[in-house]
Amino acid sequence: MKGSVNRVVLVGTGFVGSSYAFAILNQGVTEELVLIDLNKEKSEGDAMDLNHGLPFAPVPTKIWFGDYRDCRDADLVVLCAGLNQKPGETRLDLVEKNTKIFKDIVDEIMKNDFNGIFIIATNPVDILTYVVWKHSGFPKGRVIGSGTILDTARFRFLLGDYFDVDTRNIHAYIIGEHGDTELPVWSQAVIAGKGISEWSQMKKNFKQSDLEELFINVRDAAYHIIKRKGATYYGIAMGLVRLTKAILENQNSVLTVSSYLDGEYGHKDIFIGVPAIVNRSGIREVVEINLNEEEKKKFDNSVQVLKKTMEPILD
C-alpha cells in the first residue's frame, strides 16, 4: 500500500467499468482514478467526460487514461475487462474465454509491482477471482470477487418491496456461485429483529409461493435485464463502489463477496460468495452463518458445480 492519496485503477471501461467510474466520482470515494482499456479512444473519451463533471463532484478527483505502469502506486485494481454475457448464455459459458484474457492482464499488472488489492467483477466472477489469486500469487485476502453482492442487493430490494420496508433495514443474504446455483439463506433473513416467517404471518394474503417466486426473480434478474437492454451495469457498479468504500475507508463491513474458503462451510480451495468482513487489508475474515440442512445441501451443490466448471482451466 502506498501513501495518503488513494488511487484506484480500473481495467476495462465497458458498460460496467464506465458505470463504476461514474458512480465512484459521484460518491467522492478516491483521490485518483486511472482508466485502462484496449480501446484507447473510448477510455480517453470517458476520462474527458468524467473530468468535465468535476465541478459538480463532492470531492476533487484526478482522473486520467493511463497504462499498467500506474498500477505501481495503486491501492486497488478493479477488473471489469473481458467478454460480456450474451442473451441465452450463462455466466459459466464465459470461463475459458475470459480466463485467457485475465491471465494476460494480471501478467501486465504484476510486471509493474502492484502491491494493493484486486477486485474482480467480470463473469464468471468466482472462477476468475480464483484465476487472479493463483496467477498473481497474492494472499487470499487481497483478491476479492464481487461475488453475490449484487444478488444480495436484489434480494433485499425485492423483500423490501414485498413487505413494504426500507431495503436498507433488511438483513438477508444470497450465497454461493454468482449464477444459477446460488441460494437464499431464508433461515437467517431478518427484518427489524424478526424472521421472515414472522413477517409472513403478519402480511395479508401471504402465499409461500410468493417467496419462492421472489427468489427466482433474484436469481434470474440478469437474464431479464440482458433480454431488455443487452447488459446489466448500474446495480453492479454501485455494488463495486460500496466494496471500494469498505476497503479504502477501513469500514470492517460485512459484504457477500467472492472469498477464498479454507475449511469454512466445510470446503477448501475455492472462491465463492459468502459474507465476509472487508477492511483496508482486504478480506479480514469469512463469516460462517448457520445454514439449515437444505441450505447446506444447496451450498455444497453450488461449490461442486463451480469446481467441475473450473476443471478445464486448472488443467
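The second largest pocket is lined by 27 residues, and those nearest its centre are Val16, Asn84, Ala121, Asn123 and Thr232. Here a pocket is an open set of points on a 1 Å grid over the protein atoms alone, where a 1.4 Å probe fits and protein lies on both sides within 12 Å along at least five of seven lines, and lining residues are those with an atom within 4 Å of a point. The structure is a predicted model, in which local features need pLDDT of at least 70 and side-chain atom pairs count only at pLDDT 80 or more, whereas totals for chains, interfaces and linings use all residues. Residues are numbered from 1 along each chain as its sequence is written, and side-chain values use heavy atoms, with hydrogens and water left out.

The space in the second largest pocket amounts to about 490 Å³, a volume being the space filled by probe spheres set on the grid points, which are joined across faces, edges and corners. Its lining divides into 12 nonpolar, 12 polar and three charged residues; in this division Ala, Val, Leu, Ile, Met, Phe, Trp, Tyr, Cys and Pro count as nonpolar, Asp, Glu, Lys and Arg as charged, and the others, Gly among them, as polar. Helices α1 (15-27), α5 and α8 (221-229) each supply at least two residues of this lining, where helices (H or I, at least four residues) and strands (E, at least two) are DSSP runs numbered from the N terminus.

The largest pocket has a volume of about 630 Å³. It is lined by 21 residues, of which Ile149, Ala153, Arg156, Gly239 and Arg242 are the closest to its centre. At least two residues of this lining come from each of α5 (149-163), β7 (170-171), α9 (234-248) and β12 (253-262), and the largest share, seven residues, is supplied by α5. By class, the lining of the largest pocket holds 10 nonpolar, seven polar and four charged residues.

Helix α5 also contains leucine 159, which is buried, with a relative accessible area of 0%; buried means under 20% relative accessible area, exposed means over 50%, and partly exposed lies in between (1.4 Å probe, protein chains only). Leucine 159 and glutamate 249 are 90 residues apart along the chain, and their C-alpha atoms are separated by 29 Å.

Helix α4 was examined for its length and its burial. The 12 residues of α4 (residues 125-136) should span 16 Å at 1.5 Å a residue, which agrees with the 16 Å between its end C-alpha atoms, the expected span being 1.5 Å times one less than the number of residues. Of these 12 residues, 10 are buried, so that α4 is mostly covered. The buried residues of α4 include Val125, Tyr130, Trp133 and Ser136. The helix is followed by glycine 137, whose phi is positive, near 75 degrees.

Across the whole structure, 15 salt bridges are found, a salt bridge being a side-chain nitrogen of Lys or Arg within 4 Å of a carboxyl oxygen of Asp or Glu. One of them joins the side chains of arginine 7 and glutamate 32 (2.6 Å, N to O). This pair links distant parts of the chain, with arginine 7 in strand β1 (residues 7-11) and glutamate 32 in strand β2 (residues 32-36), 25 residues apart. Arginine 7 counts as buried at 11% relative accessibility, and glutamate 32 is buried as well, with a relative accessible area of 14%.

A salt bridge is also formed by the side chains of lysine 111 and glutamate 108 (3.1 Å, N to O). Because these residues are three apart in helix α3 (residues 95-111), they are separated by about one helical turn. An α-helix has 3.6 residues a turn, so residues three or four places apart point the same way. Lysine 111 counts as exposed, at 58% relative accessibility, and glutamate 108 as partly exposed, at 30%. In a further salt bridge, the closest N and O atoms of arginine 219 and aspartate 220 are 2.9 Å apart; arginine 219 counts as partly exposed at 24% relative accessibility, whereas aspartate 220 is buried, with a relative accessible area of 17%.

Finally, three strands form an open sheet in the order β7-β10-β11, with antiparallel pairing. In this sheet β7 and β11 (194-195) stand at the edges with a single partner strand each, so one side of each is left without a neighbour in the sheet. Strand β10 (residues 190-191) pairs with β11 over two bridges, two strands being paired if DSSP finds at least two bridges between them. Isoleucine 191 stands opposite lysine 194 in β11.
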